[in-house]
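Please consider the following structure.

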Amino acid sequence: MEKKLQNQVAIITGASSGIGAGVAKSLASAGATVIINHPVAATKEPADAVLADIIKDGGKGITYQCDVSKENEVIEMFADVVKQFGTVDILINNAGLQRDSPFDKMTLEQWNFVLGVNLTGQFLCAREAIREFLRRGVDETKSKAAGKIICMSSVHEVIPWAGHANYAASKGGIMLMMKSISQEFAWKKIRINSICPGAIQTPINRQAWETPQALNELLTLIPYKRIGQPEDIGNVAVWLASDDSDYVNGISLFVDGGMTLYPGFTTNG
Ligand code: BGC
C-alpha cells in the first residue's frame, strides 16, 4: 500500500479485535505508527497479537490499555502518547459495544454502559485529540490538516433498531456530536468525519453470521449480497485520514453494501 500516512501517529480505540483491529492494520500499512488501544488487562493478549501481525508486515506501533469511558485514563493516554511520539495526528474513535435488551427490560446499567463507552468515550477521546491538534497546528510536512478524527458510527445512526435502543441512541448521538465539532473546528484545519459500517463480520455480531441460516437471513438486508470485512472499513479509514479527502468535512460515510437502501423495497412497494 502507498504510504499516505507516513510519519503520522494514530490512536485507534478498541483495536484489540473486530473493526478496530482491521483499521489499525490498514493504517499501519499506510505508514502510520499505530497506538492499539484496548480497555482492560484481559484484552492485552489479543492487542499484542494485532501488534505482532503489524510488525511482521513491517509496520510500527504499541499497545495501550485505557478504558475510554474514564476521563482520567483518556487524559493520561493522550499525554503518554504525545510524550512518547511527539504528537497525535489521527484519532480513530472506534471503541464500541452492545448490551442488547428489550426496552421494557433494559437496566439502567445496560443503558449507561453502552452510552458510556460508545458516546462518552468518543467525546473524551475527541476532546483530547482536538486539544493536541490545536496546540500543534498544521505541520505541512505530514498533512494539510492539523488533525483528523474518524468516528466509528453505524448504519444504526439512521436505522432504528428494536431491542437495541441503547446502541442506536449512542450512534445517533455520535452523528450530531461529530457534525457539531466538525463545524466548530473546520476553520482550525481539523477534519472530523464518521464511517457508518453495516454488517461487518466480527465478534460483535457473531450470531448474525455463524450459521448458514443466520447468514442467509442477514444477506436479505444487504443488496450487495456479502457480509463486510474489517478491511472494507480499513480502506475507507485510510482515505478519510489522508489528504486525498482533504476537502471532506462532517460526513457520515456509509460502508454497508447498500444496507441503508431500504432493501425491502427491491421487490416490493
Ligand atoms: C452492529 C452489528 C450489526 C450491524 C448491522 C452494527 O453497528 O454492531 O451488530 O450487525 O450494525 O445491523
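**Contacts and salt bridges**

Leaving aside neighbours within four places in sequence, Ser-26 is in contact (heavy atoms within 4.5 Å) with Met-1, Gly-234, Asn-235 and Val-238. This is a predicted model, in which local features need pLDDT of at least 70 and side-chain atom pairs count only at pLDDT 80 or more, while totals for chains, interfaces and linings use all residues. Residues are numbered from 1 along each chain as its sequence is written, and side-chain values use heavy atoms, with hydrogens and water left out.

Q: Is Ser-26 buried or exposed?
A: Ser-26 lies in helix 1 (residues 18–29); helices are DSSP runs of H or I with at least four residues, numbered from the N terminus. Buried means under 20% relative accessible area, exposed over 50%, and partly exposed in between (1.4 Å probe, protein chains only). Because its relative accessible area is 6%, Ser-26 is buried.

Q: What separates Lys-44 and Asp-48 along helix 2?
A: Lys-44 and Asp-48 form a salt bridge, with the closest N and O atoms 2.9 Å apart; the term requires a side-chain nitrogen of Lys or Arg within 4 Å of a carboxyl oxygen of Asp or Glu. Because the two residues are four apart in helix 2 (residues 44–56), the separation is about one helical turn.

Q: Which residues are linked with Glu-128 in a network of salt bridges?
A: Glu-128 is buried at 10% relative accessible area, whereas Arg-131 is partly exposed at 46%. Their side chains meet in a salt bridge (2.8 Å, N to O). The network links Glu-128 with Glu-71, Arg-127 and Arg-131.
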